[in-house]
Amino acid sequence: MRKIVVGTRQSALALTQTGQVIDQLKALCMEHGIEVEFELKKIVTKGDRILDVTLSKVGGKGLFVKEIEQALFDGEIDFAVHSMKDMPFQLPEGLVVGAIPEREDPRDCLITKNGGGFDELPQGAKLGTSSLRRACQLQQQRPDLNIVSVRGNIDSRIRKLETEGLDAIMLAGAGLHRMGWKDRIDAYLPTELCLPAVGQGALCIECRGDDAFVLGLLAKYRHEPTTVTVTAERSFLGRLNGGCQVPIGAYAQLAQDGQITLTGMVGSPDGKQMIKETMTGTDPEQLGLHVAEALIARGASEILALVVE
Ligand SMILES: NCc1[nH]cc(CCC(=O)O)c1CC(=O)O
């Protein structure tokens, strides 16, 4: 029987979502009469070791995936489960996205001290997030908010609500849903108020480009609407060169008739500058490029250049 070794980070969320992927793949194998055994391998990444520095200062997104990709190259693992939003735009030569499974809720949400929603945050409220994208969009609505940087895994961030005396923290709903912590969420932020990160709520199954067995299995697991919408969002990100952690958001939806609607935003961390565009099309890659180019025509590159410095 063929054994497939699955690589993952060792955070509670990573282990939970990888376990869920393996369970779904096992069911799929049963259905198709494919005999496979799965083994989980935990990998400690640089992003997990450096938790006390703002991500953008230590090298951005790639931090969570490099060691895992090395394990793929070395044949120590056969595929890896990542959060799509942690994936850099370009994969290294030889590795591919084997499948994008069905997306969880893409929205950001609030866990608040007083149990209220966004409108109930007190004047000058201390809001914990280290995402420049979240800071930008909430400060644009509420310049009085006092943004406090909090990093760490979602469990430690929730603890910081109390230990750091915050009024609220902002997290991706998807992570909390997957952990079974839905009841901790006090409010969902509509995507019109806070555009999610590119790929938020989606997973990325990465494997070797020449592993026909794994590719064949993963092809059965792919979710078409999620693949289309996330492809549009990532095409947008790629055109803006948004490889590291920058205030960029995007969200695409696919209608019954095949029309994709993509909204993209670029802003400054203080929310004083923010530009947004929405367009519709049928080719996800082209649509992503068009929305990015519309924002570039309105000064997106200049806004982003100030952040990266
Ligand atoms: N940046 C960390 C990260 N990467 C993926 C998720 C979970 C949500 C998802 O899968 O998109 C989170 C936590 C968060 O942003 O709250």
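A salt bridge is defined here as a side-chain nitrogen of Lys or Arg within 4 Å of a carboxyl oxygen of Asp or Glu. The model is predicted, so local features need pLDDT of at least 70 and side-chain atom pairs count only at pLDDT 80 or more, while totals for chains, interfaces and linings use all residues. Residues are numbered from 1 along each chain as its sequence is written, and side-chain values use heavy atoms, with hydrogens and water left out.

A search of the whole structure gave 15 salt bridges. One of them joins the side chains of Arg2 and Asp78, at 3.7 Å from N to O. Arg2 belongs to strand β1 (residues 2–8) and Asp78 to the loop between α4 (66–73) and β3 (79–83), so this pair ties together parts that are 76 residues apart in sequence. Helices (H or I, at least four residues) and strands (E, at least two) are DSSP runs, numbered from the N terminus. Arg2 is partly exposed, with a relative accessible area of 30%, whereas Asp78 is buried, at 8%. Buried means under 20% relative accessible area, exposed over 50%, and partly exposed in between (1.4 Å probe, protein chains only). Arg2 and Asp78 also belong to a network of salt bridges with Arg208 and Asp211.

A salt bridge is also found between Arg9 and Asp86 (3.9 Å, N to O). Arg9 lies in the loop between β1 and α1 (12–32) and Asp86 in the loop between β3 and β4 (95–99), so parts 77 residues apart in sequence are tied together. Both residues, Arg9 and Asp86, are buried.
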